Amino acid sequence: MADAGMLRFHVPEPEVRPGGTPDFSNVTIPKAGSVPRPEIDVDPRTIRDMAFSIIRVLNRAGEAVGPWAGLLSDQELLEGLRHMMTLRTFDARMQMAQRQGKTSFYMQHLGEEAVSCAFRKALQPGDMNFPTYRQAGLLIADGYPMVSMMNQIYSNEADPLKGRQLPVMYSSKEHGFFSISGNLATQYIQAVGWAMASAISNDSRIAAAWIGDGSTAESDFHAALVFASTYKAPVVLNVVNNQWAISTFQGIARGGSGTFAARGLGFGIPSLRVDGNDYLAVHAVAKWAVERARANLGPTLVEYVTYRVGAHSTSDDPSAYRPKAESDAWPLGDPVIRLKNHLIQKGVWSEDRHTQAEAEILETVIAAQKEAEGHGTLHAGGKPSTRDMFEGVYAEMPPHLRRQRQQAGV
Amino acid sequence: MPRRTMIEAIRDAMDVSMGRDNKVIVYGEDVGFFGGVFRATQGLQAKYGKSRCFDAPISESGIVGSAIGMAAYGLKPCVEVQFADYVYPAYDQIVSEAARLRYRSNGDFTCPIVVRMPTGGGIFGGQTHSQSPEALFTHVSGLKVIVPSNPHDAKGLLIAAIEDPDPVIFLEPKRLYNGPFDGHHDKPVTPWSKHELGEVADGHYTIPLGKAAIRRQGSAVTVLAYGTMVYVAQAAAEETGIDAEVIDLRTLLPLDLDTIVASVKKTGRCVVVHEATLTSGFGAELVSLVQENCFYHLEAPVARVAGWDTPYPHAQEWDYFPGPARVGRVLLETLEA
């Protein structure tokens with residue numbers, strides 16, 4: 001037994017701070033194609049090691065290899081590339097719009113585009129996502145109009161949410177995208193409830209829950225895993241591990257558990273880790289988990305290993321807490337470049353076509369932006385009415401709100 | 001008409017609602033097979049099956065959070081929190097989510113849930129089986145808050161709450177589950193079978209949310225009360241001989257201001273009574289509304305009788321609980337002021 005001297009308090013620290021040399025040598029990256037693909041009705045106890053590995057399809061040469069490869073046609077992959085490029089361009093334009101004072105706030109997806117874009121393609125119409133603020137790829141990949149997203153960001157007269165919500169807190173039932181809340185993790189248990197409701201109703205639709213690495217520390221994460229496990233709810237429990245929760249490195253939330261996927265094991269939930277920057281791997285794993293849910297086999301937890309390349313938000317400066325070049329050192333690379341290289345390797349894409357596509361996409365995004373700005377921006381042009389502020393608190397406006405609306409002079 | 005206890009009336013309300021609409025789902029801790037620690041859901045699982053009425057893990061945020069997801073799907077969950085004292089882990093889900101879902105999504109998603117919870121003291125429940133947290137909910141835009149005081153109302157209000165398109169906090173004064181209680185703890189309690197408000201019609205009926213009921217007509221002073229305090233106020237009026245008009249608010253949010261204002265304008269005096277602690281309690285809102293709307297009709301300061309600003313004690317139950325003697329004293333002071 002160790003000498004029982006003074007107790008010492010333990011606070012985890014990231015490997016490197018600003019000024020240091022980025023180092024991910026402690027991150028073990030399994031070879032692409034090395035993780036087997038079990039049947040969807042596998043006994044969860046037999047695949048526990050999958051919670052500690054990383055499912056990868058694209059190798060360094062850009063080839064799709066192993067048992068998780070081969071699910072998507074070239075056409076689908078080209079479409080996926082376009083979705084990711086669109087999200088990236090959208091982000092860049094909206095980031096700039098915030099800097100220009102056209103809106104108050106924005107949050108980018110830089111480096112995480114594959115996660116939401118590829119996941120969306122594994123779902124069917126009617127399925128419901130319960131996203132965080134960093135899954136706009138679900139909307140882009142489902143064809144939700146970019147102009148509507150921008151209208152929301154600008155809180156203008158065409159804002160589908162009538163100016164009531166902070167930018168990027170989208171909502172679209174039609175596109176299977178649950179209303180985003182600022183309160184972290186609340187959606188995780190709601191997703192499980194939605195899935196329970198689908199099962200209660202003998203429906204065939206499934207739910208997808210989304211959470212970041214940091215928010216797994218919230219108690220609703222735990223509640224969601226308990227309920228999903230207890231009722232075998234048809235839900236895919238997604239954890240996007242982008243290494244950072246604002247300034248806090250993932251070790252603060254993860255503690256000694258090894259991986260976030262490992263959290264699912266204690267609940268008897270099959271738990272997989274996947275290369276979040278590998279469009280093919282994300283899609284294949286998502287499809288596996290979605291099929292499990294739809295086959296009434298219960299929940300699956302999926303950890304997407306990725307990296308938050310951009311700042312947390314337009315209100316954040318990452319250089320205050322991590323090395324500037326850390327994202328360049330990230331061993332899983334860039335999801336857009338990796339899919340692009342794969343498609344070039346397959347001979348269905350080229351550098352020229354990529355450059356051309358970038359220009360086309362930029363044009364499309366700018367056109368959408370012009371249209372949205374025609375409806376106003378936060379401080380200029382059309383905006384939602386003051387009356388809208390009082391509507392929708394309840395289905396029917398109660399007397400006290402009617403009085404207050406009168407007092408407001410509207 | 002059949003007489004029922006408040007528990008039986010509440011159970012009947014869920015039974016009727018589940019029978020009429022298969023979207024109504026009932027769950028919570030010990031709610032399924034066992035039928036609830038207060039027997040409020042007894043027999044529902046056997047009658048409607050485990051998909052409609054089931055036991056939940058001990059997780060209040062899980063219960064309410066999952067109910068919000070179910071409501072977003074299109075069901076109508078009526079969930080139970082075993083004691084109002086244990087609702088706090090679900091507070092984030094109630095305040096940040098249920099209350100705001102319609103507003104923040106501009107009606108894209110809605111949250112027709114009911115959260116039932118036994119509330120109030122007078123039962124030697126100590127700190128965590130006696131609280132009255134209604135003010136924590138009346139401060140939240142987007143919620144409706146109900147406190148019934150008798151079996152007839154409990155059934156009609158609960159059915160209305162389940163059918164309501166918005167989230168409802170349904171606080172059940174557990175001291176009233178088996179019979180009315182006027183604060184005279186030294187006397188035997190009369191069961192609901194001996195009280196006219198124990199008459200509960202079979203089948204479906206509703207009592208509209210947002211409507212108060214006048215329990216005792218009077219001309220000298222208006223007493224605003226809800227839950228157990230309705231009976232305490234009535235007893236205080238009888239024992240002091242003061243001609244008080246006792247209003248049972250029934251719904252705290254939205255509030256029936258018209259009934260309150262009409263009464264205070266008639267009597268010129270007002271006393272607010274609640275079990276919950278005084279400071280920033282719902283009474284403060286009532287006093288404020290009365291003075292704003294009835295200032296020129298008031299002949300005395302609006303008074304409050306409430307629980308003391310302490311945690312709810314065990315041994316000192318009857319020193320804490322605002323009984324008829326305390327309410328009677330304040331009624332006299334208000335008349336003499």
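How many bridges join strand 3 of chain A to strand 7 of chain A, and in which sense do the two run? That was my opening question for today, and I kept in mind that this is a predicted model.

**Entry 1: strand 7 of chain A**

I looked up the pairing and found six bridges between strand 3 (residues 235–241) and strand 7 of chain A, which run parallel.

Next I asked myself: is strand 7 of chain A buried or exposed? Six of the six residues of this strand (residues 300–305) are buried, so the rest of the structure largely encloses it.

**Entry 2: helix 9 of chain B**

I moved to chain B and asked which residues of helix 9 (residues 257–267) are buried. My list reads Leu257(B), Ile260(B), Val261(B), Ser263(B), Val264(B) and Thr267(B). They span an arc of only 165 degrees around the axis, so they lie on the same side of helix 9.

What covers them? I noted that the cover includes strand 8 (221–225), strand 9 (244–248), strand 11 (270–277) and helix 10 (282–294) of chain B. Helix 14 (399–407) of chain A is part of the cover too. Just past the end of helix 9 I found Gly268(B), with a positive phi of about 80 degrees.

**Entry 3: a patch on the surface**

Phe9(A), Val11(A) and Ile252(A) form a nonpolar surface patch, with about 360 Å² of accessible area together. Ile252(A) belongs to helix 7 (residues 251–254) of chain A. I put Ile252(A) down as partly exposed, because its relative accessible area is 44%, and that category runs between 20% and 50%.

**Entry 4: Ser215(A)**

Last, I found Ser215(A) in the loop between strand 2 (207–212) and helix 6 (219–231) of chain A. Its relative accessibility is 10%, so Ser215(A) counts as buried. Setting aside neighbours within four places in sequence, I saw that Ser215(A) is in contact with Leu184(A), Ala185(A) and Phe221(A).

Conventions. Residues are numbered from 1 along each chain as its sequence is written. Chains are lettered from A and ligands numbered from 1 in the order in which they are written. This is a predicted model: local features need pLDDT of at least 70, side-chain atom pairs count only at pLDDT 80 or more; totals for chains, interfaces and linings use all residues. Side-chain values use heavy atoms; hydrogens and water are left out. Patches are made of residues with over 30% relative accessible area and no salt bridge: like charges are joined within 9 Å, nonpolar side chains (Val, Leu, Ile, Met, Phe, Trp, Tyr) within 5 Å. Accessible areas come from the Shrake-Rupley method with a 1.4 Å probe; for residues, only the protein chains shown count as cover. A salt bridge is a side-chain nitrogen of Lys or Arg within 4 Å of a carboxyl oxygen of Asp or Glu. Helices (H or I, at least four residues) and strands (E, at least two) are DSSP runs, numbered from the N terminus. Buried means under 20% relative accessible area, exposed over 50%, partly exposed in between (1.4 Å probe, protein chains only). The arc is that of the directions from the helix axis to the C-beta atoms. Contact means heavy atoms within 4.5 Å. Two strands pair if DSSP finds at least two bridges between them.
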